[in-house]
Amino acid sequence: MNPTAFSEQMRRAWAVAKKDIRIYYFKGPVLIFGIFMPVFLFLAFLMGSRQLPLAFLVSGLVGMALFFTATAVSPAIFPWEGQAKTLERLASCPITVEAIIFGDMIASTLFGIGITLITVLIGLGLGLSLLHAITLLGGIVLAACCFSAIGMLLAVPPTNVPSNIMMLSSLIKFPLVFISGIFIPLQQMPPWGLALAVCSPLTYFTDIVRYSFTGASYFPIPGDIAALGVFTALFTAGTMYLHKRTMPKRM
Amino acid sequence: MPDAIDVTNLTKIFGTTIAVDHISFSVREGEIFGFLGPNGAGKTTTTRMLTGVIPPNEGTARVLGYDIRKSPVLAKQGFGVVPETSNAYTDLTAWQNLMLMGELYGLPRSRSVDRASELLRALGLLERKDQKVQAYSKGMKQRLILVMALLHEPSLLFLDEPTSGLDVQSTQMILALLRDLNLQGTTIFLTTHNMEEANRLCHRVGIIRAGKIAAIDAPEKLKTALDRVHTIEVSYDREVPGDALSRLEGVTSANRTGDKWQITTENRDTVIRSLVDFGRQHGAAIVTLNTIAPSLDDAFLRLTQEEAL
Ligand SMILES: Nc1ncnc2c1ncn2[C@@H]1O[C@H](COP(=O)(O)OP(=O)(O)O)[C@@H](O)[C@H]1O
Ligand SMILES: [Mg+2]
């Protein structure tokens, strides 16, 4: 066995992911937050704007659910582990920083996908029909990877105080939801709004979800997928590069 | 034989504090090396640099033949670490912690299971293996950390004050295990501020003070080489004048404790001869005459204080 081989490091990343899921995701409060938060946002939204079609609303719900769940826990994992000194344990194990990050990303990707599938079921339960299941599934998987990379990017500031990082990440996450065509259809946005929307990966995912439920999208679907792919690659590379630099500052 | 650890000019600066100041030393394969120093001397900082947790500002460390900065994964694969503060995952059970370690070191599952059971049994934790680590006492946690560090059968083991603050039972168990491991060939790097522990366990001891290495040698040699001032204990069968005693040739000081006199000197031989003559002159017979072996404590105190003056 060569411990530096890519396949070996991937196996170790998977060990990190399993640990994360066990410790951080299978906790009552996290699960409840993950499921209820998007549902409540959605209900508030439903009350406020009855004139919008249900398919539009459910697509927004699915978009928010994936975005919030995939970024919910990962920013706090390093601060938690820094405080508990378990990060020092990982740092002295034969695993690269990249593999640790990748493991954390796998965990939040799986958690995001799981919760989001529940919201899709809610949509189907409300009487929507799913026109493009494969596109939706592919979109969810790709966007989950992208959002988990965003979650890890939010974890870059090397603090060991979880509440600080949670505050900071909320400050970034909530505005992103507002510019992503979840509450206002892209068609009705002013040009400056649209200019902001194209900068948010959530826009493209929501567009894919709408297409899956209604058959109509604002951007061409290959464009949405390409944009998500580029964001994923950029964010993943960025988060690995930055974490490699800041990791020693956490110890 | 190649050295297990080879350190050159290793330096760590935190802000304006130089925690570790250009230290160089090596640890031979198969030895128990004690890294001894008072609190804040830089032991933990050195250990963290050697185990690849923090990068040094300057200098290099080769661990098991690999540069810890350039080939961290290969170096880490070969050693185990018991850090200063306990760091098992408290939300997991002991068993889950060990299986995680097995996966992080790339062990096949069956090997992890066998090793974990064997080590947990040896350290008296097997019945508690499915309990969350949260519920463990400090001593149990420390024993578990040791099991976690040993799971992959490392050829080199780092321990940062492994017995500090532990109960006697856990301490004895850990020290006995370290001795056994060493007999089977494991190299051990142990930091401690407990001189007795270093004295009993280590083949060689490096003494660190304020980030610098003050001395490296076998504990016995450190004791004798450093002890320039000897203590001799003497008692006579009748009263003798103390001031005359302290004026004898070679005597630095003479203090009475009970019926004995504690005499310090830089020349044992001269003083013993003088004491014999002194008794003869005063018609007093010698009841006891002891030369007191220097302790590593004394050597340590002298080394860590002398130069600070
Ligand atoms: N992370 C850190 N940040 C700032 N100073 C530190 C840090 N770690 C250690 N120090 C300082 O470095 C010195 C050496 O500390 P340490 O290596 O923990 O000593 P020891 O383990 O011998 O007690 C101390 O003065 C300590 O305050
Ligand atoms: Mg220390």
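A residue is called buried when its relative accessible area is under 20%, exposed when it is over 50%, and partly exposed in between (1.4 Å probe, protein chains only). The structure discussed here is a predicted model, in which local features need pLDDT of at least 70, side-chain atom pairs count only at pLDDT 80 or more, and totals for chains, interfaces and linings use all residues. Residues are numbered from 1 along each chain as its sequence is written, chains are lettered from A and ligands numbered from 1 in the order in which they are written, and side-chain values use heavy atoms, with hydrogens and water left out.

**Chain A**

Chain A contains 11 helices and 0 strands; helices (H or I, at least four residues) and strands (E, at least two) are DSSP runs, numbered from the N terminus. Its radius of gyration is 18 Å, which agrees with the value near 18 Å for a compact globule of 251 residues. This radius is taken over C-alpha atoms, and the globule rule is 2.2 Å times the number of residues to the power 0.38. Of the 251 residues in chain A, 56% are buried.

**Two residues with positive phi**

Most residues other than glycine have a negative phi. K85(A), which is not a glycine, has a positive phi of about 70°. K85(A) is found in the loop between α4 (74-84) and α5 (86-91) of chain A, and its relative accessibility of 31% makes it partly exposed. In A210(B), also a residue other than glycine, phi is near 45°. The loop between β9 (204-209) and β10 (212-217) of chain B holds A210(B), which counts as exposed at 51% relative accessibility.

**The ligands of chain B**

T44(B) lies in helix α1 (residues 43-50) and E84(B) in the loop between β6 (79-82) and α3 (94-104) of chain B, so the pair ties together parts that are 40 residues apart in sequence.

| Residue | Atom in the residue | Distance to an oxygen atom of ligand 1 |
|---|---|---|
| A41(B) | polar backbone atom | 3.2 Å |
| K43(B) | polar backbone atom | 2.8 Å |
| T44(B) | side-chain N or O atom | 2.6 Å |

The protein covers 64% of the 560 Å² of accessible area that ligand 1 has on its own, by the Shrake-Rupley method with a 1.4 Å probe.

Terms used:
A polar contact is a pair of N or O atoms within 3.5 Å; within protein, one must be able to donate a hydrogen and the other to accept it, and residues adjacent in sequence count only if both atoms are side-chain atoms.
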